[in-house]
Amino acid sequence: AVVSTQSTGMKIKWSGTEYPLSAVPLSSTVLELKNLIKEQTGVLPGRQKLCGISLKGKPPPDDCVLADLRLKNNQKILMMGTREEVIEEATTAPEDLPEVVDDFELDEEVMLKISERPENLDKVANRVAKYEFKKKFHDFREGKKLLVLDIDYTLFDHKSCAERGEELMRPGLHEFLSIVYSEYDIVIWSATSMKWIEAKMQELGTLVNPNYKIAMLVDDGAMITVQDEEGHVVRCKPLGVLWGKFPQFSPKNRTTDRELLKLARYLMLIAEKSDFTKLNHDKWERYCEKHGVTFDDLLVPDTDN
């Protein structure tokens with residue numbers, strides 16, 4: 001029932017913890033509510049997104065009075081947001097990161113030579129046996145292929161001067177992930193710590209979007225050190241770790257990131273292919289031109305309209 005008294009209680013859930021608010025005046029604005037939440041959580045009002053309250057089906061503006069919302073007593077509200085110190089850590093790349101090479105960025109011939117060296121096969125096997133995939137949020141879906149995405153420069157521009165998540169994210173990020181999710185299970189693998197990855201993902205809003213699901217996060221603990229053709233010691237993300245741990249995937253049914261919205265066309269075009277090893281992913285733009293599918297053909301209808 002709609003609250004008819006002059007105040008109401010609320011339960012704010014954030015980061016796995018519930019924060020009770022008692023006797024919140026219904027004459028308060030949403031901004032004033034956010035300030036009360038800040039006192040409990042340390043998250044600034046401008047960083048907060050409140051889920052569970054709405055005005056005519058849309059998020060209420062900060063100047064909206066609580067009495068205008070259809071609130072229940074002890075209403076549960078999910079707050080999404082990040083403290084400033086966590087954002088600062090997440091948006092500042094560690095200065096001591098070693099040189100990192102993704103195995104999917106190397107030349108195919110070079111990658112094959114490196115991956116087949118006995119010492120590197122042993123390292124991959126060691127990671128398969130010992131690395132714990134603790135951040136697996138959703139089961140892999142039967143029949144879906146695997147899309148492995150990096151964070152920096154793919155989802156998130158960590159050298160940008162912007163401060164807010166929506167400014168740091170690559171243009172079209174959520175549309176891209178929504179489109180490819182219909183055919184691909186999505187894994188995020190970054191050459192940083194899991195704490196840093198989770199902070200980035202929370203700020204970008206990728207873990208709670210209703211139009212797609214991130215199956216799993218993988219951090220630098222799954223990486224290995226190898227020596228390239230020129231003798232440089234580098235760290236890389238061997239996709240063999242994923243194939244060894246999840247045998248339903250292989251080079252035949254995985255792909256990796258390039259440009260977002262344009263890439264969405266390519267990923268949907270090849271989704272029905274049974275063997276990705278027969279495709280040259282480096283020429284994906286030419287493949288799209290040949291098959292003549294436009295991005296507009298792939299857009300997911302706006303569920304709000």
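Visitor: In which sense do strand β1 and strand β2 pair, and over how many bridges?

Guide: Strands here are DSSP runs of E with at least two residues, helices are runs of H or I with at least four, and both are numbered from the N terminus. Two strands count as paired if DSSP finds at least two bridges between them. In this predicted model, β1 (residues 7-14) and β2 (residues 17-25) pair in the antiparallel sense over seven bridges. S7 stands opposite P25 in β2. The hairpin has two residues between its strands, and S15 takes a positive phi near 55°.

Visitor: What should I keep in mind about the numbering and the model?

Guide: Residues are numbered from 1 along each chain as its sequence is written, and side-chain values use heavy atoms, with hydrogens and water left out. As the model is predicted, local features need pLDDT of at least 70 and side-chain atom pairs count only at pLDDT 80 or more, while totals for chains, interfaces and linings use all residues.

Visitor: How many helices and strands does the protein chain have, and what share of its residues is buried?

Guide: The secondary structure comes to 10 helices and 11 strands. Buried means under 20% relative accessible area, exposed means over 50%, and partly exposed lies in between (1.4 Å probe, protein chains only). By that rule, buried residues make up 44% of the 305 residues in the protein chain.

Visitor: Why is helix α6 described as largely enclosed?

Guide: Helix α6 (residues 173-180) has six of its eight residues buried, so the rest of the structure largely encloses it. Those buried residues are L173, F176, L177, S178, I179 and V180.

Visitor: Which residues touch the most other members of the largest nonpolar core?

Guide: The general idea is that in soluble globular proteins, nonpolar side chains tend to be buried together. A nonpolar core is a set of buried Ala, Val, Leu, Ile, Met, Phe, Trp, Tyr and Cys residues joined through side-chain atoms within 4.5 Å. The largest core has 53 residues, and I188, W189, M216, V218 and L242 touch the most other members. Apart from it lies another core of 19 residues, including L21, V30, I37 and L50. Contact means heavy atoms within 4.5 Å. Leaving aside neighbours within four places in sequence, L242 is in contact with F133, L146, V148, W189, M216 and V218.

Visitor: How many salt bridges does a search of the whole structure find?

Guide: A salt bridge is a side-chain nitrogen of Lys or Arg within 4 Å of a carboxyl oxygen of Asp or Glu. The search finds five. One of them joins the side chains of E198 and K135 (3.2 Å, N to O). E198 lies in helix α7 (residues 194-204) and K135 in the loop between α4 and β6, so this pair ties together parts that are 63 residues apart in sequence.

Visitor: Is D185, which meets R141 in a salt bridge, buried or exposed?

Guide: D185 counts as buried, at 2% relative accessibility, whereas R141 is partly exposed at 25%. Their side chains meet at 2.8 Å, N to O. D139 and K136 form a salt bridge too, with their closest N and O atoms 3.5 Å apart. D139 counts as exposed at 64% relative accessibility, and K136 is partly exposed at 30%.

Visitor: Where is F137 found?

Guide: F137 sits in the loop between α4 (118-130) and β6 (145-149). With a relative accessible area of 36%, F137 is partly exposed.
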